[in-house]
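Trainee: I have a new model open and would like to learn how to read it. Could we go through it together?

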Amino acid sequence: MSGVMKRMGMIFRAKANKALDRAEDPRETLDYSYQKQLELLQKVRRGVADVATSRKRLELQLAQLNKQSSTLEDQGRKALALGREDLAREALSRRAALQQQVTDLETQHQTLQGEEEKLTLAAQRLQAKVDAFRTKKETIKATYTAAQAQTRIGEAFSGISEEMGDVGMAIQRAEDKTAQLQARAGAIDELLASGALDDSSGLAKDDIQSELDRLSGGTDVELELQRMKAELAGGSSSGQQAIEGGEGRPRTQQQPQDTPRFDKQ
């Protein structure tokens, strides 16, 4: 039972794979992959923007702390000038606490700046890959479309497509039926002529009349042939007589007269 289930599962997967392969369009798959890469590139760019925003906030905080530190230092100097050492000590203590915060923020700022540079470089590389993939995608799509069109045209001209195959089968069936009807019509005509079949319309002749027509047709041909021979023979005799009559007719030739001769004295 386990073997049967495994076999059924394999057959189902094979059928499903074949159906999916038939339904899959490589152009749609390429477009989907390109869309996913664009989404990933957008996430990387968003990360770069977030890191840059955090870095900018640290810079603002550092500027504010440095300003406060400078203010406390001025206050300490003024307190010492007025003879208030206690106020000067308090101002310097606060300034020292601010300097510790400044140091921590500077460390974070350097870290964020490094992350920002890495993300920026990754975004540039990913952008280059996306651009290259887009060019390759369009090339593959154009090649696939051209090959598909060429295949369809070739199938149409060679007659191996389904439409052309159906048309060819219809033509073949029509030719077969036409030949069969012609053969049947010829056979019926021969049977009617031989008298094997009776013509119920009354237009067909019986065998005696058919034989008489055949004999009379042959007699007419013989009579015409004899008449043509007689005409040819008569024409030949007239020509011969004309030739012979011309030969028996006497010729009249002018005899030359004697001319007188004068002797010179």
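Trainee: How many helices and strands does the chain have?

Mentor: Helices (H or I, at least four residues) and strands (E, at least two) are DSSP runs, numbered from the N terminus. Here there are five helices and zero strands. This is a predicted model, where local features need pLDDT of at least 70 and side-chain atom pairs count only at pLDDT 80 or more, while totals for chains, interfaces and linings use all residues. Residues are numbered from 1 along each chain as its sequence is written, and side-chain values use heavy atoms, leaving out hydrogens and water.

Trainee: Which residues make up the largest nonpolar core?

Mentor: In soluble globular proteins, nonpolar side chains tend to be buried together. Such a core is a set of buried Ala, Val, Leu, Ile, Met, Phe, Trp, Tyr and Cys residues joined through side-chain atoms within 4.5 Å; buried means under 20% relative accessible area, exposed over 50%, partly exposed in between (1.4 Å probe, protein chains only). The largest one has eight residues, including Leu30, Leu41, Ala123 and Phe133. Helix H2 (26-81) and helix H3 (85-158) each give two or more residues to this core.

Trainee: What does Lys141 form a salt bridge with?

Mentor: A salt bridge is a side-chain nitrogen of Lys or Arg within 4 Å of a carboxyl oxygen of Asp or Glu. Lys141 pairs with Asp31, their closest N and O atoms being 3.2 Å apart. Lys141 lies in helix H3 and Asp31 in helix H2, so the pair ties together parts 110 residues apart in sequence. Lys141 is buried at 19% relative accessibility, whereas Asp31 is partly exposed at 31%.
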